[in-house]
Structure formats: structure tokens, C-alpha cells
Amino acid sequence: MNGSMLPIALAVLLSLAACGPPEPRPEPEATTPRLRLLDSPAGPAAGQPRLHDGADGRTYLSWVEARAGGHVLLFATLTDRRWSAPREIASGRDWFVNWADVPSLCALADGGLAAHWLERMGEGTYAYGVRVAVSPDGGANWNAPRWLHEDETPTEHGFASIVALDGERFAATWLDGNALESRGEMELRGRTFDLRGAFGDEQVIDSRVCECCATSAVALGGGSSFVVHRDRGAE
């Protein structure tokens, strides 16, 4: 050490010694999470549940029940630690119901809703598509459902994710079998739609993806969304 630095170094050491050891900080008080069991609003023949935190600040639960030779899609909202009475979204006899590819519900900031479920499009095991319906009044009334995708070939269309893109529109992504017969590839496609039933153009997001892996999406604000999916290489 340079001799001229010794006084400075000694002064620092003396200053630190004068300060003494730091005061011990009190240990944070241990807290135990308080859990409360809520009775499910779903019936005994229910399955395919999905929770959704809506852009309107409410928590939604959607599920499927077997009923009278078919299926029905229902939902409930959580208010003051209680689930509301179930409300019906749609029903049918030709649905594709399984444990992996499940329906969903999505809420805009004003309470407008969009829901999707799966219907068969042919006799093949995985010949099914995505049906979408919207409700401008919080689920009291639903418009006539339509296919989310333009392609209606009897191939797989599913694993859809729907988010509230902004105050008026939803954004949807899904696995699309449009190119399965021509190229042997599953595509990831996306489009927007609104409460009036107006659909935007389809876009191919990825032209080669896994055929049976779920997608996920989250709204980023400013009319954009972030999509997660499983890609597939050429090999």
C-alpha cells in the first residue's frame, strides 16, 4: 500500500470501529396461510374445469357436465367467497370431450364474455373443431356459435387459448389441421373477434407445431398478446 494511503485507510477502519456492529433486524413474523374450502358449483357428472381471472376483476369457473345423452358447458362466478349458481353457455350431442383439450371462458373489462368448446367434424377419432360463442351481457344471453377457424376439414382443431385483447376484442390461438392432409403438419393459427361476431383474418403463427400440446396466452396491453406453444423441428 502506498504510504500516502495509510492515513486514509486507518481513518476508514477507525470510523467503522466507532460505528460498532449493525443492529440486528427483527425476524419477520411467521404467518400461516389461511385456506378456506369452497363448495364446488359443479354437479356430480362434471369435468374439464378451468379457472379464469377476467379483465373485469371477477373470477370465473367453467366446466362440462354430461346430460341427457350429450354435454353442457356451464360457468359460475366467485363473489364474496361464494360461487354463484351455474349458468349455461351451450349444449350439444356431438361434442368432443376429453381430459386434455378443455373448453374455456374469457371476460372483457365490461363483462362481455367469450367461450369455446369442441365439436366433432367427422367420424375420425380426432376430427373435431373449435366452436365459439359470445355474450354481451355477462352470460345472460349467447349468440349463435360458429367455428373459430375457416378450415372445416375432418381433422384436428383444438387446444385454443382466448384472451381479452382490449376493451372490445378477443384474441384466439389454436392448433389447426388445415395442412395435415397436404403437408402432414399441424399449424398454430390466430385471429381476433369481438362481441358483435366480427372475426378478423386468420394468421399462421407457426407452420409446424406439436399436434397434441396445449397452448397458452396472456394479454400484454396495448392490443397485443403473448402466446406460448410447443414448436416442432423438421426432424
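Tutor: Gladly, and let us begin with a word we need at once: contact means heavy atoms within 4.5 Å. By that rule, and leaving aside neighbours within four places in sequence, Phe193 is in contact with Ala114, Val132, Val134, Leu148, Ile162, Arg169, Phe170, Ala172, Ala198 and Phe199. Please keep in mind that this is a predicted model, where local features need pLDDT of at least 70 and side-chain atom pairs count only at pLDDT 80 or more, while totals for chains, interfaces and linings use all residues. Residues are numbered from 1 along each chain as its sequence is written, and side-chain values use heavy atoms, with hydrogens and water left out.

Student: What makes a residue such as Phe159 buried or exposed?

Tutor: The cut-offs are these: buried is under 20% relative accessible area, exposed is over 50%, and partly exposed is in between (1.4 Å probe, protein chains only). Phe159 has 7% relative accessibility, so Phe159 counts as buried. Ala68 has 65%, so Ala68 counts as exposed.

Student: Where do Phe159 and Ala68 lie?

Tutor: Phe159 lies in strand β10, and Ala68 in the loop between β2 (59-67) and β3 (70-79). Strands (E, at least two residues) and helices (H or I, at least four) are DSSP runs, numbered from the N terminus. Phi of Phe159 is positive, about 50°, although Phe159 is not a glycine. Ala68, also not a glycine, has a positive phi near 50°.

Student: What makes a group of residues a nonpolar core?

Tutor: The members must be buried Ala, Val, Leu, Ile, Met, Phe, Trp, Tyr or Cys residues, joined through side-chain atoms within 4.5 Å. The largest such core here has 23 residues, and Val130, Leu148, Ile162, Phe170, Leu175 and Phe193 touch the most other members. At least two residues of this core come from each of β7 (113-120), β8 (128-135), β10 (157-164), β11 (169-176) and β12 (186-194). Apart from it lies another core of 14 residues, including Ile89, Leu105, Leu113 and Ala133.

Student: How do you know that β10 and β11 are paired?

Tutor: Two strands pair if DSSP finds at least two bridges between them. β10 and β11 have 6 bridges, in the antiparallel sense, so they meet the rule. Gly158 stands opposite Leu175 in β11, and a hairpin of 4 residues joins β10 to β11.

Student: Which other strands pair in this sheet?

Tutor: The open sheet has 4 strands in the order β10-β11-β12-β13, with antiparallel pairing. β10 and β13 (203-209) are at its edges, each with a single partner strand, so one side of each has no neighbour in the sheet. On average, neighbouring strands of this sheet are turned by 20° against each other, direction ignored (axes are lines fitted to C-alpha atoms, for helices over the stretch in contact, with angles from 0 to 180 degrees between N-to-C directions). β11 and β12 are joined by 8 bridges, and Thr173 stands opposite Gly190 in β12. β12 and β13 are joined by 4 bridges, where Gly190 stands opposite Gln203 in β13. In β11, 7 of the 8 residues are buried.

Student: Why is the pair of Arg208 and Glu185 called a salt bridge?

Tutor: The term asks for a side-chain nitrogen of Lys or Arg within 4 Å of a carboxyl oxygen of Asp or Glu. The closest N and O atoms of Arg208 and Glu185 are 3.1 Å apart, so the pair qualifies. This pair links distant parts of the chain, with Arg208 in strand β13 and Glu185 in the loop between α2 (180-183) and β12, 23 residues apart. Arg208 counts as partly exposed because its relative accessibility is 28%, whereas Glu185 is buried at 16%.

Student: How many salt bridges are found in the whole structure?

Tutor: The search finds 11. One of them joins Glu65 to Arg67, with the closest N and O atoms 3.6 Å apart. Glu65 is buried at 11%, and Arg67 is partly exposed at 43%. Glu211 and Arg232 form another, at 3.9 Å. Glu211 lies in the loop between β13 and β14 (216-221) and Arg232 in the segment after β15 (224-228), so the pair ties together parts that are 21 residues apart in sequence.

Student: Which residues are linked in a network of salt bridges?

Tutor: They are Glu150, Arg183, Glu187, Arg189, Arg191 and Glu202.
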